[in-house]
Amino acid sequence: MYRFLVIPLFLLLSACSSPTDIHDTRFIMGTLVKFTVIGGDSDQAATAITAAAHEMQRIEDAFTIYGNHPNTVKTFNTSTPGRWVSLPDEVASVLSIALQVKQQSGGAFDPALGKLNLLWGFSKEPPSSSPPTPDAIQAATPPAHCIEHQGKLWRRTDARCLLDFGGIAKGYAIDRGIAILQQHGIHNAIINAGGDIRLIGRHGERPWHIGVRHPRHKNDVIATLNLQGDVSIVTSGDYERFYIYQGKRYHHLIDPKTGWPADKTESATVMATNATLADAWSTALFIRGKQGLTDMPQDMHALLMDRHGKKIGSLATRQ
Ligand code: ADP
Ligand code: MG
């Protein structure tokens, strides 16, 4: 799920920092994760950040479908179709959220696209540089509904159905990282995982200042926001993991209905109170484009850049 060669930077935090900012950067989930904690005791902040980073790494290990370390997601993905498998509560609960977003988004977000995502190969090393054949794509595209559960038991009904949490696990890891910081008594902080963020509190005397990256001009922003309290902002874009083949852009956000990269949008940014949902919905809205906006829960906000470079929607600012 998380083996990028390119480090994504969707969102740019303002460069200004005050003397009481404590920063630390770790490489987790294939990206640079920047922790900023404001005020308080520096030893306390360092301990909190280390614990948060540890938790985020644990989540990567538990959810990834890449690498050789066993986890229950990989076990599920090699299970005999039709056979019930027990999933840990944590995996089951993130999967339940993913399936709910799938249902609400008309199938645009689908956590069962693992075979297709592995075939497209944007996250492998080295990443693919040309598209698979249409036959291979068809053979890797799962039926619309292929995950079932009964209590704690889950099963896949089709061999083309492989779980892939790449569109949601980073948001979940950010949420857990913030929860760990809070457990350590931190009230003002931001976790920025390659541009996907959750912030709590304030940046000293001021709100946090956030810029949303332009999908085609990496030094430009399409929105700037002053935020405080508890806010998550997550972006899905076609400029992070992609290649150009015969003049056409191919990227890692796949339309489950076709098996091909979605082409309605250049970027989709979602603001929500937790990063798990913001992550899943940013992927869903990237696939659906503006039609998806009406399906999104009302307490979220979204800003899309469509394929013509037109901005749609807005991110409400809370001062
Ligand atoms: P990133 O994690 O790269 O910042 P996203 O959150 O949008 O960006 O997730 C992209 C990842 O989600 C892909 O690499 C793949 O693992 C997975 N994915 C791709 N298409 C879909 C989809 N339609 N529904 C759910 N997950 C998807
Ligand atoms: Mg996502």
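User: Which residues come nearest to ligand 1?
Analyst: Of the 21 residues around ligand 1, Asp-164, Ser-236, Arg-241, Ile-254 and Asp-279 come nearest. A residue counts as near if one of its heavy atoms lies within 4 Å. Bear in mind this is a predicted model: local features need pLDDT of at least 70, side-chain atom pairs count only at pLDDT 80 or more, and totals for chains, interfaces and linings use all residues. Residues are numbered from 1 along each chain as its sequence is written, chains are lettered from A and ligands numbered from 1 in the order in which they are written, and side-chain values use heavy atoms, leaving out hydrogens and water.

User: OK, how do the shell residues divide by type?
Analyst: Eight are nonpolar, six polar and seven charged. Here Ala, Val, Leu, Ile, Met, Phe, Trp, Tyr, Cys and Pro count as nonpolar, Asp, Glu, Lys and Arg as charged, and the others, Gly among them, as polar.

User: And which domains does the shell draw on?
Analyst: Domain 1 (11-63 + 168-314) and domain 2 (72-156) each give at least three residues. Those bounds come from an automatic or database domain assignment.

User: Which side chains have a polar atom by an oxygen atom of ligand 1?
Analyst: Lys-170 has a polar side-chain atom 3.1 Å from an oxygen atom of the ligand, and Glu-240 has one at 3.0 Å from an oxygen atom.

User: Switching to the metal: what coordinates the magnesium ion?
Analyst: Ligand 2, the magnesium ion, is coordinated by Gly-167 (O), Asp-279 (O), Asp-279 (OD) and Thr-283 (OG1), at 2.0 to 2.5 Å. Donors are N, O and S atoms within 2.8 Å of the metal (3.2 Å for Na, K and Ca), and water is not among the atoms, so sites may look incomplete.

User: What spacing do those donors follow along the chain?
Analyst: They follow G-x111-D-x3-T.

User: Are Gly-167 and Asp-279 buried or exposed?
Analyst: Gly-167 is buried, with a relative accessible area of 15%, and Asp-279 is buried too, at 4%. Buried means under 20% relative accessible area, exposed over 50%, partly exposed in between (1.4 Å probe, protein chains only).

User: Last one: what does the side chain of His-209 make a polar contact with?
Analyst: The side chain of Asn-226, at 2.9 Å. A polar contact is a pair of N or O atoms within 3.5 Å; within protein, one must be able to donate a hydrogen and the other to accept it, and residues adjacent in sequence count only if both atoms are side-chain atoms. His-209 itself counts as partly exposed, at 32% relative accessibility.
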